[in-house]
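Hi,

Here is the structure I promised to pass on. Have a look at it first, and then read my notes below on what turned up.

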Amino acid sequence: MTPTSIPRPAHRTHVAVAATDPYDRGVARGEQLRDGIPSAAQVYDRLFALGGITAAQVAEDAERALDAIGRFRPAARAEISGIGRGAGIEEWRVAALNARTEILARSAAVPPGECTTIVRRIPGDDGSTRTFGVQTWDWHVELGSMWHTLESRGGRHDVVGLTENGILGKMGVNSAGLALHFNILGHVRDGIGGIPVHVLAAIVLEEAGSVAEAAEIVRSAPLASSGSFALFDETDAVLLDLSPVGVFEVPSSNGTFVRTNHFLTPVLAADEKSWLYQPDSGERHDFVRARLARRQPTTVDDLAAVLVTGDGEPPVTCVPDPDAPLGRRWASLATLTLEPATRTARILDGTPADIGSRDWRVLTAA
């Protein structure tokens with residue numbers, strides 16, 4: 001299967017909402033995804049069941065997630081409730097989508113997909129600094145038609161980026177110039193009971209006006225699962241390992257951060273679910289770092305080209321095995337670049353190998 005043969009909709013959905021009340025924003029989202037949200041829920045039902053997670057457990061986990069969200073940020077829970085109202089489905093069903101990472105942490109039968117992220121800070125001759133980032137979003141190919149680009153206005157900051165149907169947030173940039181790339185990690189203590197990492201990403205993008213503010217929000221959140229946020233604004237950048245044990249900062253390598261799907265800080269690496277990601281994650285990480293050392297890209301387009309891989313190379317460009325069973329067919333569903341200085345997200349409905357043959361969708365939060 002070639003990268004361009006991955007099934008994709010003829011027209012990728014774009015959801016645009018604008019309201020100061022989070023419930024109203026949620027209703028508007030749900031109304032625009034009345035078909036897409038139930039379809040995504042059905043696929044996740046299959047993945048949950050494949051992982052041995054009963055419908056009753058899913059419902060219980062979703063309610064626990066809702067309670068945690070409501071305690072931490074009532075506005076985020078209100079938006080989830082609004083999505084359910086707009087889409088015509090139960091609130092807990094939307095909560096289960098938002099907590100899909102945490103619910104799937106119960107299972108070893110449905111291992112997570114794989115994503116690769118690079119963020120660069122480049123000093124200019126005039127003393128200024130440019131930051132920009134790129135990543136693949138790799139996930140189950142069965143969900144390839146069930147994500148959308150997003151333009152959300154009316155909160156503290158406007159946000160553009162991409163997310164899955166029914167899920168508050170994922171990757172993007174806001175009108176203050178804060179950008180966020182997002183990878184999933186795995187720790188033995190992962191579970192339900194804290195803020196779902198997808199909901200936390202949405203909260204950070206809506207509320208934070210800088211890397212410092214974003215890191216403060218992340219550190220204040222009650223976490224019960226793991227992930228990685230690459231946070232960067234016009235001049236600053238930080239890469240964080242998130243887990244139930246705590247939040248730890250990853251040092252950069254000459255102003256460059258490379259993230260795949262394993263912990264890069266020793267405390268968390270000691271108890272990671274290495275069987276989920278290795279050796280693949282380490283191979284991709286080492287490959288990208290070696291390629292960066294040779295190329296030293298200075299533009300976002302050059303950086304995106306680093307993610308193109310082919311036969312015999314680690315699958316940074318991820319193409320699904322058509323013979324693999326449900327739960328093990330991963331694909332690069334999207335490629336995303338973020339530029340804080342221009343508040344711009346560019347989203348490619350394709351793999352990095354599709355750059356040049358498919359058009360970017362360009363969204364601006366400013």
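Aspartate 45 counts as partly exposed, with a relative accessibility of 31%. Its side chain meets that of arginine 93 in a salt bridge, 2.9 Å from N to O. This pair links distant parts of the chain: aspartate 45 sits in helix 2 (residues 36–50) and arginine 93 in helix 5 (residues 91–98), 48 residues apart. Arginine 93 counts as buried, at 19% relative accessibility. Please keep in mind that this is a predicted model.

In one of them, the closest N and O atoms of glutamate 234 and arginine 343 are 2.6 Å apart. Glutamate 234 is in the loop between strand 8 (227–232) and strand 9 (237–243), and arginine 343 is in the loop between strand 12 (330–339) and strand 13 (344–348), so the pair ties together parts 109 residues apart in sequence. Glutamate 234 is partly exposed, at 36%, whereas arginine 343 is buried, at 16%. Elsewhere, salt bridges with shared partners join Arg25, Arg29, Glu79 and Glu206 into one network.

Within that group, arginine 29 pairs with glutamate 79 at 3.4 Å between the closest N and O atoms. The two come from helix 1 (residues 22–32) and helix 4 (residues 74–87). Arginine 29 is buried, with a relative accessible area of 5%, and glutamate 79 is buried with 5% as well.

As for the whole chain, it has 12 helices and 14 strands, and buried residues make up 61% of its 366 residues.

Best wishes

Definitions and conventions. Residues numbered from 1 in each chain as written. Predicted model: local features only at pLDDT ≥ 70, side-chain atom pairs only at ≥ 80, totals over all residues. Heavy atoms only, no water. Helix = DSSP H or I, 4+ residues; strand = E, 2+ residues; numbered from the N terminus. Buried < 20%, exposed > 50% of the residue type's maximum accessible area, 1.4 Å probe, protein only. Salt bridge = Lys/Arg side-chain N within 4 Å of Asp/Glu carboxyl O.
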